[in-house]
Every structure is written in structure tokens, then in C-alpha cells.
Amino acid sequence: MTPNNLRGARAGPAGRSVPLDRVDREILAALVEDGRLANNALAARVGVAPSTCLARVRELRRRGVLRGVHADVDLAAVGHGLQAMIAVRLRSHDRAEVERFRRTAPDLPGVVALFHVSGADGYLLHVAVADSDALRDFVLDHLTGHPAVVHAETSLIFEHVRGTTDLVSG
């Protein structure tokens, strides 16, 4: 996708491009920055009436552009101080096996996110666990023993810095 496509549209639920005007992009950027903004504050920030803002947010949700608002939790503060990215290679790229792994992996204990990627490794798992023993146990109990997995390579995450809202603010 080119930068112009990112500024003017977002792929919808079926891969269709969804046109976004200035107000839509400003609403999205404000919600990315602070998903707890009350509708009145959001409306004032983007310069529209509260009823217009509410209708816009509802429409962004309906079209699949705004998929949700999530809390950014300090994982170390809740006992998951060790994070890792684990590259996972599946035994085969049979559609049924890929779908089985994609469906079950997000529910494994400690999985923060699952990414389907290109290259030798088909998936990246972002995991958060208590310590190195828990990470070893996760890999041994849930990955190397999984019938679809042929290889797993772990990289520790030392720091995570969230990006900016430039992709939606255009």
C-alpha cells in the first residue's frame, strides 16, 4: 500500500478501500492518542457537533475502520515482565493446518498478539510471561509440542515504543 492510500483510505473488512475525509482521520487520530475521550471532548477536538461526532464514530465502526479501543497495560506491572517475539515455522502451509494454528495460537497463555508474515517463518507471536522459566515452559509446552510447528526461534524484547498516529491523521 502506498503512503497516499494510507492517507486517503483504509482497507475495509473485505479488503475494499474505505474513503476517509479530514474529519474521519482526525477522529481516528484523536482516538489512537486517547481512546477514552468522551464524545463531547472528541467533537470539540475535531470541530464538529457532538451528534455529528457520534454518528461519525458509529459509521467508522460499522464500516470496520474503527475495530475497537484498547487499554495499554504495563505488562510488567501485572506480573508479565519478560516479553518476546517468537518466530514460528509450520510443518506445512496446508490451509487447514494454517487455519488451525491461527485460530488456536491467540488463546495460548501469554500471547499478546499473533502476526501472519511472509518469509521462512509464517508467524510471529508476541508473548509476555513472568520470567525466563515461564518463557521456556511456554515454548516447550505450547510450541515445540504443537503438531503443526516445526521450528520456533525466540527473540527477547528489551523495549517497546509505540508509533505515532501519522498513518490515520494523513
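Trainee: Leaving aside neighbours within four places in sequence, which residues is aspartate 121 in contact with?
Mentor: This is a predicted model, where local features need pLDDT of at least 70, side-chain atom pairs need 80 or more, and totals for chains, interfaces and linings use all residues. Residues are numbered from 1 along each chain as its sequence is written, and side-chain values use heavy atoms, without hydrogens or water. With contact meaning heavy atoms within 4.5 Å, the partners of aspartate 121 are Ala87, Val88, Arg89 and His151.

Trainee: Is aspartate 121 buried or exposed?
Mentor: Aspartate 121 sits in the loop between strand 4 (111-116) and strand 5; strands (E, at least two residues) and helices (H or I, at least four) are DSSP runs numbered from the N terminus. Under 20% relative accessible area is buried, over 50% exposed, and in between partly exposed (1.4 Å probe, protein chains only). Aspartate 121 has 16%, so it is buried.

Trainee: Which side chain has a polar contact of 2.6 Å with that of histidine 126?
Mentor: Histidine 126 lies in strand 5 (residues 123-129) and is buried, at 12% relative accessibility. A polar contact is a pair of N or O atoms within 3.5 Å; within protein, one must be able to donate a hydrogen and the other to accept it, and residues adjacent in sequence count only if both atoms are side-chain atoms. The side chain in question belongs to glutamine 83.

Trainee: How are helix 2 and helix 3 oriented to each other?
Mentor: The axes of helix 2 (residues 22-33) and helix 3 (residues 39-46) come within 10 Å and cross at roughly 130°. Axes are lines fitted to C-alpha atoms, for helices over the stretch in contact, with angles from 0 to 180 degrees between N-to-C directions. Under 35 degrees is roughly parallel, over 145 roughly antiparallel, 65 to 115 roughly perpendicular, and the rest oblique. Helix 2 and helix 3 are therefore oblique.

Trainee: What classes of residue make up the contact of helix 3 with helix 4?
Mentor: Those axes come within 8 Å and cross at roughly 100°, which means that helix 3 is roughly perpendicular to helix 4 (residues 50-62). Asn39, Asn40, Leu42 and Ala43 in helix 3 meet Pro50, Cys53, Leu54 and Val57 in helix 4. Ala, Val, Leu, Ile, Met, Phe, Trp, Tyr, Cys and Pro count as nonpolar, Asp, Glu, Lys and Arg as charged, and the others, Gly among them, as polar. The tally is six nonpolar, two polar and no charged.
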